[in-house]
Structures are given as structure tokens and as C-alpha cells.
Amino acid sequence: MQEERQIPILKDRRELIWLLLIIFLAALVRLIKLGAMPFNAIDASLAADALAIARNQTLGQSALPAYTGLTGVLFYILGSSNFVARLLSVFAGVSLVVLSFLLAKQKSLRVAIIFSLALALDPLMVNWSRQIATPMIALAGLAWAVCLFDKKRYIIAGFCLAVAFLGGYSFWVFGLLALALWAFARVIKFEVPFFINTLPEKSAFLKTFISFLMSLVLISTGFFLEPAGFGQIGASLMAFLGLFTKAYQFPVYHSFFVLIRFALLPLLGAIIWLISRGNLSRKEKWMIAFYFLVSFLFSLFFSRTDVGLSILILIPLWYFTARYLSEFRLDINERLSLKIVCFVLFLVMFIYIAINLPRLIEAEFGSPQLIYAGLATLAGVLLVLIVFWLGSLSLGMKQSSAILALALVLVLISSSLALSFNSLDKNSDTSQVMVNAEPILLANEAELTAINPFQDYGKLNFVEASFLVEDIAYDLRWFTREFQAESSLRAPEFVITHTENPPNYDEPYRGMPIELSRNMPWTQLNFAGYFNAIIAPERAIQVENANLWAQTKLFTGAIQ
């Protein structure tokens with residue numbers, strides 16, 4: 001009986017081809033312009049901590065020890081770069097796509113393809129896979145640990161569990177959710193259809209536990225690159241406890257509107273499938289309702305600086321949507337021309353509504369723009385209802401509903417893909433500020449590389465020059481990693497500071513204004529401003545400036 005619940009292997013070449021294609025697509029989308037993606041404050045700090053491990057330097061308290069330890073090893077082998085700094089998150093995101101295919105294939109290959117393809121291209125999943133400080137690493141480690149334990153791969157399961165344990169505060173949120181689900185299942189006497197009901201022998205737990213302990217030491221120390229990193233083992237728990245004293249940097253309802261903005265298709269698809277499924281038992285319905293309720297409450301309560309915990313809602317929504325789409329059927333044998341006409345009309349009307357709806361939300365109350373956009377949107381909705389009514393008279397309610405759903409799904413898929421690929425633009429930081437309240441640092445690439453000519457023309461060797469960060473609260477170690485450590489024995493070649501006065505050293509300096517950070521003041525916006533920021537975030541982003549100073553002799557070449 002236990003073998004029936006294990007993850008099935010790929011049985012034929014068709015399944016393998018589909019899986020490889022989906023892996024390639026998921027990796028490709030996540031790797032496009034990965035090195036050019038700007039860093040927010042927490043990601044830059046974590047990357048600098050990982051580099052400190054690779055260089056055997058003093059390491060502070062890391063919020064994500066799994067990342068700093070494993071990425072520190074990557075830096076040691078491959079060298080430090082923006083691209084390598086994000087590889088672990090990309091790997092975690094792609095691995096979840098793989099696992100979704102293997103698990104969903106137990107239902108059907110069609111469900112597995114739709115489900116994994118959706119996770120591969122979903123805008124939120126792509127965004128979280130390209131950022132560092134997200135629950136992606138913890139979730140991937142925990143999911144693989146459970147599934148590998150079920151497959152009796154206890155050593156690897158222990159390693160994955162250690163990755164999850166060191167994956168930040170989200171590990172403890174996942175643990176609380178699992179405990180709540182287990183308790184509720186016991187109350188309603190719901191049998192969990194997984195290996196928990198048939199526990200293996202004690203030796204399996206012992207092997208997993210030993211592997212877990214050894215992996216904790218290896219990962220936290222970067223495979224002994226920095227032995228002092230052993231003190232990071234409890235950092236995830238401390239980060240979780242710190243949430244209770246941390247102020248909200250998002251409105252409490254932000255997670256809900258992010259799901260509406262980025263995940264409307266899976267939300268509608270899941271609702272339709274759950275409503276139409278009459279064969280679900282009462283206990284299954286209670287478990288599903290309880291899961292979504294607790295996940296939503298956790299997402300609201302623990303989303304202090306990011307909305308990464310919305311992944312607890314997003315993945316099940318996509319699974320139920322995949323079930324709905326896999327069962328979707330449209331009869332094309334009869335009256336095909338009329339069905340095509342209805343489909344085209346629905347498609348045109350939905351596009352028309354999609355164009356006018358943002359204008360309606362952005363318009364000021366009582367303005368002529370509001371009236372025009374409102375009437376246009378209302379006209380589009382009425383035309384959809386008229387076409388649906390006429391189609392139901394000619395084709396029947398069932399076929400007309402299917403054509404309407406097909407057109408809506410196509411529009412929502414196009415919108416979702418547009419959000420995913422727009423977030424890959426190296427100059428676009430709006431996708432980050434929507435899901436993470438941390439400011440984007442030094443995002444203007446042209447300004448950041450303004451000092452490169454000093455090295456390109458042979459006037460300066462960065463490894464021999466120093467860079468001083470003065471009166472700035474942000475951690476800029478990652479951006480100044482090519483320079484030597486600050487020295488009190490001589491004036492630094494470069495200084496970045498808020499003040500407009502030249503640095504107080506004997507050497508003369510020349511300065512230029514630069515863009516230090518981009519930030520979205522979510523908690524300062526009123527409700528109307530918040531909706532405008534959700535629709536067009538680039539209009540509400542605030543820019544913080546600073547001054548970059550370079551020694552005058554670097555311009556003249558008078559270097560001793």
C-alpha cells in the first residue's frame with residue numbers, strides 16, 4: 001500500500017519529453033536578464049553575506065542562512081556576480097515546477113502539464129524565483145524533503161529538510177500551517193491521503209535526523225568555508241520571532257489585491273472547479289475551506305515586508321484551475337462557424353473591457369474621464385451579456401458558456417504572460433516593489449557604472465582602491481565588493497553620501513548626483529492612491545538621491 005502513495009517515476013518517453021520542455025521553459029524565463037535585475041535592500045545584504053562566507057570574512061546575523069551558505073559555495077567556485085547571486089532562488093523555483101509535474105501526474109498527464117506549465121510561467125512564481133528573500137527556498141526544501149522521505153531517500157530528504165529549516169521565517173509559518181491542518185483533520189476525522197498514515201520504521205527517522213544535523217552544519221558554514229557560520233542555525237527562528245515586533249510596511253489587505261492583480265485566472269478557475277465538483281465529500285470541502293482560510297490569514301498577518309507567503313494560496317489555486325482546464329471540453333463538430341463568430345465577439349469585448357478598466361480605476365471621482373471610462377466599461381459588459389444571450393438561444397446554454405469561458409481564459413492567459421515577461425525587463429523594478437517593500441538600490445545602471453572608465457583606461461585598479469559609504473543606512477557592501485576594505489590611513493578614492501558638501505579629506509573631490517534608491521510608500525498612500533499604485537506602480541515610486549564623489553586626480557590621471 002505504501003508504494004501506491006509514492007511519487008511515480010516517468011513511465012514513457014512522452015512524459016519525459018513534456019517534463020524536459022517545461023523545465024527548459026521554466027529555467028529560460030527565470031534566467032533571462034537575470035544578471036541585469038536590480039537588487040532590493042534585503043537581497044543585496046544577503047548576497048553580501050554569502051560573499052563574506054566565500055571570502056572567510058566576519059558574518060553578521062543572516063535572515064536566510066540556507067541562501068548565504070549555499071551561495072557562498074557558489075561564489076567560491078564560480079566567482080561573485082549578480083547572476084550567480086540569484087541562481088539558488090532560480091533553482092528552487094524550477095525544482096518546484098518539476099515536483100508539481102511529478103505529483104500532479106498521479107491524476108493525469110494533462111493535469112500535470114497544465115499545472116507545471118502554469119507554475120513555470122506565472123508572474124508571481126517567476127518574480128519570487130528571481131528574487132532572493134522569498135519563501136521559495138524554504139518551500140522547495142520542505143516539499144522535496146517530504147516527497148523524498150516518502151520515496152525512502154532519507155539522506156537527501158535530511159539535506160532538503162536542513163535547507164528548509166535554514167530558509168528563513170517562512171519555514172516556521174509552513175510548520176504552523178501544517179500543525180493547524182493536522183489538528184483540524186483530527187477534529188473532523190479526515191484521513192490524510194499520504195505517507196503520514198503509514199509511518200516507516202524508526203531507522204528511517206534516525207537516518208533522516210542524522211543527515212539533517214550534518215547538513216545544518218555544512219550549509220550554515222558554507223561547507224566549512226566560514227566555520228563561524230555555525231551560529232546561524234537558529235537565525236530562521238529568530239527572524240520568525242522578530243516578525244511579531246516588526247512594523248507592517250504594506251497595508252494589511254495588500255496580499256489580497258496582489259492576488260487579484262497577478263492571479264485572477266487561477267482564482268476564477270479554482271472557484272469554478274470547486275463549485276462545479278459535486279463529488280467532493282463533505283470532509284474534503286471542509287479541509288479545502290480551512291486550508292484557504294488559514295493560509296489567507298497567515299498571509300495577511302505575517303506579510304510585514306513581503307507578500308511571499310501568498311504562494312500558499314497561489315499553488316493550490318493553480319492546481320484546481322489545472323483540474324478545471326483539463327476537464328474543459330468544447331464541441332466543434334456542429335455549427336462551427338457560429339461558434340467562431342461568438343468566440344471572436346467575446347474576445348473583442350473582453351479586450352475592450354480590459355483596456356477601459358484601468359482607466360476607470362485611475363480616473364478621479366467626478367471627473368469626465370471617470371464618466372467616459374465607466375460608460376465604456378459598462379457598454380462592454382452589456383455587449384458580453386447580449387452576445388452570451390444570443391449565443392445561448394442558438395447554441396444552448398452549455399456551449400455558449402464554454403465559448404465565453406474559452407475567450408476569458410485566453411485573455412487572462414495573455415495578461416498573465418505579459419506580466420511575466422514585462423518583469424524580465426532589466427529597467428523594470430515595479431514587479432519587485434509590488435511584492436517586497438524593501439527599496440530598490442542603485443537601479444540606474446548608467447550611473448552605477450560611471451566609475452568604470454577610471455579602471456578601463458588604466459587609471460585605477462579597483463582592488464587597490466577604497467570606497468566609503470557615509471551617512472547612508474542601506475547595506476551597500478554588495479555594490480562595493482570589487483573595492484578593498486575601507487582604510488583609515490588614506491583618503492578613499494570614492495565616497496557615496498547624502499551630503500552635497502565634498503568629503504572632508506585632504507584630497508580634492510568631484511561629485512555627481514546619483515539615484516540611490518527607489519521605494520513605494522505603500523503605507524503613506526490613501527485608498528485611491530493605493531489602487532492607482534496597484535494598476536500603475538511606476539507612477540507612485542519615490543526616488544531617493546545621493547552624491548557620488550571621486551578624487552579629482554582620477555580625472556587628471558595624476559596618480560602617485
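The model is predicted, so local features are described where pLDDT is at least 70 and side-chain atom pairs where it is 80 or more, while totals for chains, interfaces and linings use all residues. Residues are numbered from 1 along each chain as its sequence is written, and side-chain values use heavy atoms, with hydrogens and water left out.

**The cysteines**

Begin by selecting Cys160, whose sulfur lies 9.8 Å from the closest cysteine sulfur, that of Cys147, which is too far for a bond. A search of the whole structure finds zero disulfides, a disulfide being a pair of cysteine sulfur atoms within 2.5 Å. Cys160 counts as buried at 14% relative accessibility, and Cys342 is buried too, with a relative accessible area of 8%; here buried means under 20% relative accessible area, exposed means over 50%, and partly exposed lies in between, with a 1.4 Å probe and protein chains only.

**The nonpolar cores**

Next select Tyr67, Met125, Trp478, Phe494 and Ile496, which touch the most other members among the 144 residues of the largest nonpolar core. Such a core is a set of buried Ala, Val, Leu, Ile, Met, Phe, Trp, Tyr and Cys residues joined through side-chain atoms within 4.5 Å. Apart from this core lies another, of 14 residues, including Phe343, Met349, Val384 and Ile403.

**The second largest pocket**

Move on to the second largest pocket, which has a volume of about 1100 Å³. A pocket is defined on a 1 Å grid over the protein atoms alone, as an open set of points where a 1.4 Å probe fits, with protein on both sides within 12 Å along at least five of seven lines, and its lining residues have an atom within 4 Å of a point. Grid points are joined across faces, edges and corners, and the volume is the space filled by probe spheres set on the points. Select Arg261, Pro358, Ser415, Leu419 and Ile535, the closest to the centre of this pocket of the 42 residues that line it. Helix 19 gives the most to this lining, with ten residues; helices (H or I, at least four residues) and strands (E, at least two) are DSSP runs numbered from the N terminus.

**Buried Ser and Thr residues**

Now select Ser299 in helix 15, which is buried with a relative accessible area of 0%. Leaving aside neighbours within four places in sequence, Ser299 is in contact (heavy atoms within 4.5 Å) with Ser255, Leu309, Ser310 and Ile313. Beyond four places in sequence, the contacts of Thr305 include Lys246, Phe250, Val435 and Glu438. Ser392, in helix 18 (residues 368-395), counts as buried at 16% relative accessibility, and touches Met397 and Ser400 when residues up to four places away in sequence are not counted.

**Two positive phi angles**

Most residues other than glycine have a negative phi. Select Lys189, which has a positive phi of about 60° although it is not a glycine; Lys189 sits in the loop between helix 10 (170-188) and helix 11 (202-220), and counts as exposed at 67% relative accessibility. Finish at Leu442, not a glycine, with a positive phi of about 45°. Leu442 lies in the loop between strand 2 (440-441) and helix 21 (445-448), and is buried, with a relative accessible area of 10%.
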